[in-house]
Each structure stands twice: as C-alpha cells, then as structure tokens.
Amino acid sequence: MRSTKVIVCIGCGGVGKTTVSAALGYALASKGFKVLVLTIDPSQRLASTLGIEGKKNITQVLNFEGKGQLFASVIDHALVFENFIKRASGHGVDVEPILKNRLYQQMSTNLSGSQEFTALEMLYSSYESNDFDWIILDTPPAKHAIDFLNAPQKLAALFNESLAKWIKIDDQKSSWFSQLLATSTRQIIQILETLTGSEFVKELRQFFTYVNDWQKKLEDRIIQAHALLVGPQTKFFLITGLDHAKLSEAKELGSLIDRQGYRLENVIINRAYPEKDIKINEISTIKNEDFNLEYYNQWKNRYVEWTNQRSNLLHKYTDQWKPNFEVIALKDYFHTISDKESLKLIASEVLEKIKLE
Amino acid sequence: MQKIIFVTGKGGVGKSTYAAHLAYKYSKSGRKTLLVELGDESYFNKFLNITKVSYQPETTLFGFDLSIWTGRDCLKEYALQLLRSESLYNLFFENKLSRSLINIAPGLAELAILGKITSGPRRHGPSARHDVIIIDSFATGHFLALIRAPKGMMEAIKYGPMGEQSRSIIETMKNESICEYHLVCLPEELPITEVLELESAIHNELNIKSKIIVNKWWRYEKDLVNLPSDDNFFNLLKIQLDRQVWTKRTLDQSAQSWSNFPMIFTTSAEDIICKSELEMNP
C-alpha cells in the first residue's frame, strides 16, 4: 500500500509558482519516485515541454530522463467542475439543464472559491487513486497567498439552511407554506427583488434548486479535502518574491497557516539573486570606441547596489523566520525558463537546497 | 468631465506600482485624484506602509486619495440608496442568507463595483469629488469577468433598477473621453503575447482601444556593441535588451498604442512611484 505524499505550492500570482511546482516534480522524479504535477495555468511552452499541451488528462512526461516517472496535468477547471456535478447528481439525473443555466456558468467560472475547489477536487481524486508517491499541487493565481486556504470554506458557506428552505417553498402553494419561511428570509427575498427584479430572483431560485441536489456532496468533498490538507502527509511550500510587500505578507501567512493546522515547511523566495555573480569594475578598458564604458559602468554599479539592497532585505526577513521554517532563495536565471534544460537547472538547484523526503 | 483609468494585467507584472505612479503623477499635476483598489483585502497597506485602507477615501502622503472598494461595500451603498431604510438595509447585510445570495449571484458584486466607479459621469449617487479616478483592478481573468458583468446582468435583470443602470454603465465604459484602459505587462515573449490577447478581448467587449504599458523597461540609451566578454552583467544586459528589441518590434507591428515604464533599481516602493517617467538613470 503506497502512502502518497503531497506538496501544495501556494503564493500570489506572478511569482513563478507553476515553474517551481514543475521543477519540484522533476526533482522528486529524478530521485526515483513516481510523481504527479497538477498545474493550473502553465505557459504554452512549459505545457509543451511537459508534453501536456492540449491534453485533458494526466499524461506521462515522456522525455523525462531520470530514475523515476513524471506525470503532469493541467487542471481543466470547467471540465473538473462538470464531472463533479455529474457524479454528485447521481445516476440517471440529467445535468444538461444545470450546465446550461446561465448562473451556473457564471458561478463555475467566476465564483470565488470555485477554482480552488476544482484544484482540491483533482488533488483528492489523484490522491485516492493511490497511483503516485508524490503529488505536487500548483494553486490558482491569487492576489494574496492565503486565498487558497480560505476559498473552499467560502464556497461551502454559500449553501446554508435558509436557502434550502427558500427553494422548497413553491410560489403557487398556499400561505401555509410561506409561513415556514422565517419573516427575515421573506424580507430578504423581497429586498433582493427590489434590487434586481423578480426575473432575476426567479432564475436564482431555479439555480438553487439544481444546486440543492449536489451541494451536500460539495460540502462533503471540501471537508474531505481539508482533512487531506491538514494531514501528516501534506506539506505546504510558500512561493514568494523578493520585495517588502511580499515578504511581510509571507511573514503573516506563516503564523496564520500554522494556527489553522497546516504544515508550512518551506518558504521559497524565487528569483532572489542573479544566476551569475556580478561584481563591480571588471572591465576597466575597452578598445572599441563605439562603446561608452562610463555609462555601462554606471548601470552595472547601480545594478550591484540594488542586488546588495535586496540581499540585505532578504536576510532581514529570513533571520526572523529561521527557527520556524526553512527559507530557500532560488536564482534569478537570465534566460526564460520554459524548456527541458532550464527546468533541469531549477530542479537541481531545488535538490541541492531543499530537503525532500 | 471626470476621467476614469482602469489598470489591469497579469498577476505580478507591477499593476499596483504603475497605478500608484499614475495617481501620483495626476495628483502632482494639480488634479484631485483617487486611487482605488479592488478586492477584499488591501495590498497597498503593505506596499505603501499605510495603516488602514478603507471604503472612504483617505489622503495619502503622496498627495492622492486612496480607498478599497469591495463588491459587498459597493452593493451596500447601492442598496442603501435604493431601499432608503436603515433597518431593511441592516437586515439584508447582517443576515447569513443575504451573504450567500450576494456571493452566489454572479455578476451582482461586479455590477455594483462598476456602478460605483462610473457613478460620477452617470450622475448617479453622491457627486464626484475627484477629477481623476485610477482603478487598480483585478488581474486579467477576473478583470474580463468584471467588464462583462453588465451585459450579462442586463439579460438577467431586465426589469430591476440594476438592469436599467447596466445600460448606462456600459455606455460610460465605452466612452473614450471618460474611460481609459491601461494594460501592464513585461518585455518578455509570454507576457507580450498575453497582453495582446487581453487587448483584443477588451476591444471585443467594449469596442475601445487600450494602452499597453511595458513595465520594468531597462532604458539603456547607448549602443551595446557586440563585445566578446566574460562580464556577467554584460550578458544579462544583452539578453534584456534583445528581449526589448523583440518587444518593440512585436508591439509596433501589432499597431497597438504602447509605451514603457522604466525599471528602477530600488527596493523602495516610494521611489518607484515618485520618480519621474523621464528619469534616465536606473
């Protein structure tokens, strides 16, 4: 019986979560494990490197040269949600009307928490399959790193008792039924009608009628996934960038995540320092007269000064964090990271700097 | 007439920094300026070291006013205007059911936000106190959902007051003399490809042309001769400038209006916001 381990990569948009997740997967697979990387929004190039471009299912990365096996998948949000609805609605239930419902379409794509839910759903079903030694989960881009953890509960909180009562009341039945609705509920529906009109409220009610069929399953799934997230087999890696705002947010997140029972093991500061060492005044004379050396050196000096400022900033924060969790600084590579060679570079950096077991 | 500037782009490209700089620039030129964050939690409180950012505008040390508008707050204000009853208002917003409804009614929060943003030119609600409003909007996907909300809601809320307002909201957003759309990106292949797609999507929706802003542009103004060099900085610089050459060529060919925002080598947010765009030194 395999015991699957999970790494969840959280962090705000634009820090390089997807790339680092892929590199982590690569690193673990090269140690001989069978690894699955679940990505949210890989660039076309990265998807092509992993061999998952245009594919909807979990696919083996074929040009992987290491000892183990690497698998990857893009989380197709709409598809995962739809499949979940189909399963949750049960056999013989026609889900077409739900999927075509305008409000469902908006909900499944834009509703806060829905993307996080499908990421969790995919994580959970991959975990249940017991097919992998490691699963790396890339999370949806968010404004704040904590969003991933709060979102599913937000989604579950949408469905509550009053709603269930509301939709059970048939408009045409007698006022005896409407007495089952609390006065406040009735008033709220009336206010909503004032704000949005009766057509909208009717549609909303119809929508909740559909939702009622599977909302319990959605709640259950969120609870199961939550249990997985706080379990001993799951570690969180926070991926962040090197600037004041991000680092102070990371600091807060650290204590918050701890209190909620999640295991934050590593803070990875991506693109923290230049790939190759840059020192002041290496070139002092150039024979080419078209080259303005003084201007060039001004730029280089400014760049080095900046690198030093960043390094100080990094140490200031990491010294505060050290006892609580590991802080890892990754290089800022000069070239764009998207092909196999560059992914291998980061993977070896990861293996060197992160204790993965 | 009030000017409204929406700033968007993929996460992490520097939207908020650019938006703050714009606000500073307008404020310095003498226009009463408001910088608005959209979202449930403030980013500017950390970024600009401000204790509290709230729904009501507060003047910052930079000179511009700052506030954060959540969907819930915008809806609350709208509801209060419409219901005109404090107790009904409280009932609606303190109740768990209504919170569910607000969250789940897709487009409702987005519509309320756009309603508030465009209230000045539409002369709806309290009169406009600012000459310029800069909206530090959501990232790409959510931004598109935001601007698509009025049309979507117009169908669903044909007869309610919000439905009627959707029409005037759309009109305002399509009005070039009032609204501008600034799309922030970086001088790299993937971000440029994405920003051109975003430009196209916005154009499809609103029939309006956006301005593309390429952030972190190294304004190295001299020729970089092809020297064989082991100097690592030289290699880095060459790669960066090559990317920028590619970016310039691609954007010029696309015939979209674009400009660059300079890379400034500092860890201080304030420096970036306040340094002039004409600043030559990195």
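A helix axis here is a line fitted to C-alpha atoms over the stretch in contact, and the angle between two axes runs from 0 to 180 degrees between N-to-C directions. Keep that in mind for the predicted model on the screen.

Chain A to start. Helix 3, residues 77-89 of chain A, packs on helix 6, residues 114-129 of chain A, at about 70 degrees, and the axes are 9 Å apart. With 65 to 115 degrees counted as roughly perpendicular, that makes helix 3 of chain A roughly perpendicular to helix 6 of chain A. On the helix 3 side, the contact residues are A:His77, A:Val80, A:Phe81, A:Phe84 and A:Arg87. Helix 6 of chain A brings A:Ser114, A:Gln115, A:Phe117, A:Thr118, A:Glu121 and A:Met122. By class, this contact has five nonpolar, four polar and two charged residues.

Now chain B. Helix 3, residues 71-83, and helix 8, residues 161-173, have axes that come within 12 Å and cross at roughly 115 degrees. This crossing is right-handed. Helix 3 of chain B contributes B:Leu75, B:Tyr78 and B:Leu82, while helix 8 of chain B contributes B:Pro161, B:Met162 and B:Gln165. Five of these residues are nonpolar, one is polar and none is charged.

Last, the cavities. How many of 30 Å³ or more does the structure hold? There are five.

Key
Residues numbered from 1 in each chain as written. Chains lettered and ligands numbered in written order. Predicted model: local features only at pLDDT ≥ 70, side-chain atom pairs only at ≥ 80, totals over all residues. Heavy atoms only, no water. Helix = DSSP H or I, 4+ residues; strand = E, 2+ residues; numbered from the N terminus. Left-handed = near helix turned anticlockwise from the far one by under 90°. Contact = heavy atoms within 4.5 Å. Nonpolar A, V, L, I, M, F, W, Y, C, P; charged D, E, K, R; others polar. 1 Å grid on protein atoms, 1.4 Å probe; cavity = no way out; pocket = protein on both sides within 12 Å on 5 of 7 lines; lining within 4 Å. Points joined across faces, edges and corners; volume = space filled by probe spheres on them. Parallel < 35°, antiparallel > 145°, perpendicular 65-115°, else oblique.
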